[in-house]
Amino acid sequence: MDFLTLLQVLDSTVRLATPLLLACLAGLFSERAGIFDIGLEGKMLAAAFLSAAIAFVTESAWIGLLAGIGASMVLAGIHGLASITFRGNQLISGVAINFLAAGMTVLVAQSWFSQGGRTPSLMSGDRFEPVTLPFAEALSGVPVLGPIYDELLSGHTVLVYLAFAMVPLTWWILFRTRFGLRLRAVGENPAAVDTAGVSVVGLRFAAVAICGVLCGIAGAYMATALQAGFVKDMTAGRGYIALAALIFAKWRPWYALGATLLFGFLQAIALRPDVIEAVLSFRVQVQLLDALPYILTVVILAGFVGKAVPPRAGGEPYVKER
Amino acid sequence: MTLKHTFMGAAAALALTATGVLADPAVVFDLGGKFDKSFNEAAFNGAERWKEETGGSYREVEMQSEAQREQALRRLAESGSNPIVMTGFAFGNVLSEVAPDYPETTFAIIDAVVEEPNVRSVVFKEHEGSFLVGMMAAMASESGTVGFIGGMDIPLIRKFACGYAQGVLAVNPDATVIANMAGTTPAAWADPVKGSELTQAQISQGADVVYAAAGATGVGVLQTAADQDILSIGVDSNQNYLHPGEVLTSMLKRVDNAVYDVFAAGDAVETGVNVMGLENEGVGYALDEFNADLVTAEMQAAVDAASAAIIAGETEVHDYMSDESCPALSF
């Protein structure tokens, strides 16, 4: 495998890892606050649909992005209402959101555009275009670093850079701010937070809202940056892979970056059977590579590679007085 | 469990009986959905054409999950629909169980052979159509490398790939054909993001024409090919219009004709195996105003000559499904 091929695989890794990373960080905020969220998939799907639809109607990818975030926030709000305000089962609420999104997107798209549950294709100006970083062309001649800068780092859409910038930001918010401390505490011991006079409900709603924003960006990225429109079920299980990555990352931001890049890399390398064959000199079944993220997660959960301990109050609604 | 069955049965019966009068034909769409811009949509177009021309009405059911297949067929048959057309190989097993229970009803299945006296099995010679577009791909390619992206990895899709590779090699014996499948589950028909990434991967291996036989996943393939300024080839329905000037051609599989024929014949439809190939315009390539500038006269002449040779039996295109192997491509 030559250097350029490696860069191309890594380039593909970045594109594939971006929606996973955003969804993973979304889940991280929510679950750190004690709200399990398997509705990441549904929120991404709803955001993908509305961002594509609005971008088509308004001819602006940015307004589409806002609409996508809005759609995702509405679903996040429903999840919050069900699991925080009414103390419902968080897993059931998440499943319901996934079904709701899968059905509603197609239904609304069909009655809106009559194209069979998809949105019309976006013209090139209505999508997020790849951004060429400064001097990328000029520096591409520099050995090793030039191609890395030109091929790998440059030429992604602005949402990709935003997603990667979210990692240090998430770390800073969670571990260096008062809000973050309280948010983590509410996921471990909400009674203590309540005793300190801080609103458990408010904090949890804030976390769920942040989760909605990040899922919205992830969905918009898929529909208006990677693709040029919404197609039925286009998230194709990425929300679940993001959940697996979250467990793999043990609910930590930097680990989440590593886990999603690893999963993205596994997906990217699965697209290049020729490269695998050249490197390993035997043929690996593509199906095995597709299954690897899940296998790795099971290995982690079984405790072979360290222990993944979820936030202690996760999944349980907070009841003030018993 | 029984209660659940009763409810589900009642709901399905309600849904179906509410839609039409007795003895209307019916069509059942597979999981890709009837607006997949491709296979199922072709079936839908055929049914709509019949409706427009005759003023008749028909019933339709869109599959939402694997589990609904048998239920849908039985409900349609019990409520008197005749004939019942279903699109997709996946109905094969179910139909061979259901068909004997309703000897008065005629079923038609597309893309699979079910040997029952009241079943019409419509199969297409996709390898022949794919051979023709493979020739065009090889002639349009400047790099000598062309790609194929399939949906779910099933023998039928390999049949497309195999015919395509043979067509490519017939024009340029030194050409390289890269073939990838999007997955092994039905989700592989609806993952355009993966289709895009596969296209990128093939472009980085030098491909400059990509043929997508992947349902809605192909939407991503055609999109990325257009974004990266390489040519693509659509499938089943004419997809040239999706990206004018960027789609070289489309391999037409006239599912619409098959559905139309069955509907037009009504319950007198002939049963048995019905093979649609080049000779009866069951498959072919698309030429319209959107790709007129891409298809040269030389290309068209070569393809038409090959088509005539295949019909005459002078050129034989190997069918992957006949022996589960392909001389031109290894999977």
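Q: At what angle do α11(A) and α14(A) pack, and how far apart are their axes?
A: This is a predicted model, in which local features need pLDDT of at least 70, side-chain atom pairs count only at pLDDT 80 or more, and totals for chains, interfaces and linings use all residues. Residues are numbered from 1 along each chain as its sequence is written, while chains are lettered from A and ligands numbered from 1 in the order in which they are written. Helix α14 of chain A covers residues 286–301, and α11(A) packs with α14(A) at an angle of about 35°, the axes being 9 Å apart. Axes here are lines fitted to C-alpha atoms, for helices over the stretch in contact, and angles run from 0 to 180 degrees between N-to-C directions. Helices (H or I, at least four residues) and strands (E, at least two) are DSSP runs, numbered from the N terminus.

Q: Which residues make that contact, and what classes are they?
A: From α11(A) come A:I241, A:A244, A:I247 and A:F248, and from α14(A) come A:P293, A:Y294, A:L296, A:T297, A:I300 and A:L301, where contact means C-beta atoms, placed from the backbone, within 7 Å. By class there are nine nonpolar residues, one polar and no charged; Ala, Val, Leu, Ile, Met, Phe, Trp, Tyr, Cys and Pro count as nonpolar, Asp, Glu, Lys and Arg as charged, and the others, Gly among them, as polar.

Q: Moving to chain B, how do α5(B) and α10(B) pack?
A: Helix α5 of chain B (residues 126–140) and helix α10 of chain B (residues 297–312) pack at about 155°, with their axes 10 Å apart. That angle makes α5(B) roughly antiparallel to α10(B), a label used for angles over 145 degrees.

Q: Which residues meet there?
A: On the α5(B) side they are B:E128, B:L132, B:M135, B:M136 and B:M139, and these meet B:M299, B:A302, B:V303, B:A306, B:S307 and B:I310 of α10(B). The residues of this contact divide into nine nonpolar, one polar and one charged.

Q: Is A:V144 buried or exposed, and what about A:A236?
A: A:V144 counts as exposed because it has 8 C-beta neighbours inside 10 Å, while A:A236 is buried, with 23 other C-beta atoms within 10 Å. The cut-offs are 20 or more other C-beta atoms within 10 Å for buried, 12 or fewer for exposed, and partly exposed in between, with C-beta atoms placed from the backbone.

Q: Which peptide bond is cis?
A: The bond from B:N82 to B:P83 is cis, with omega near -10°, and B:P83 is in the loop between α3 (68–78) and β3 (84–87) of chain B.

Q: And how is chain B divided into domains?
A: Domain 1 covers 2–125 + 256–276 and domain 2 covers 126–252 + 284–323, with bounds that come from an automatic or database domain assignment. Taken over C-alpha atoms, the centres of the two domains of chain B are separated by 29 Å.

Terms used. Parallel < 35°, antiparallel > 145°, perpendicular 65-115°, else oblique. Contact = placed C-beta atoms within 7 Å.
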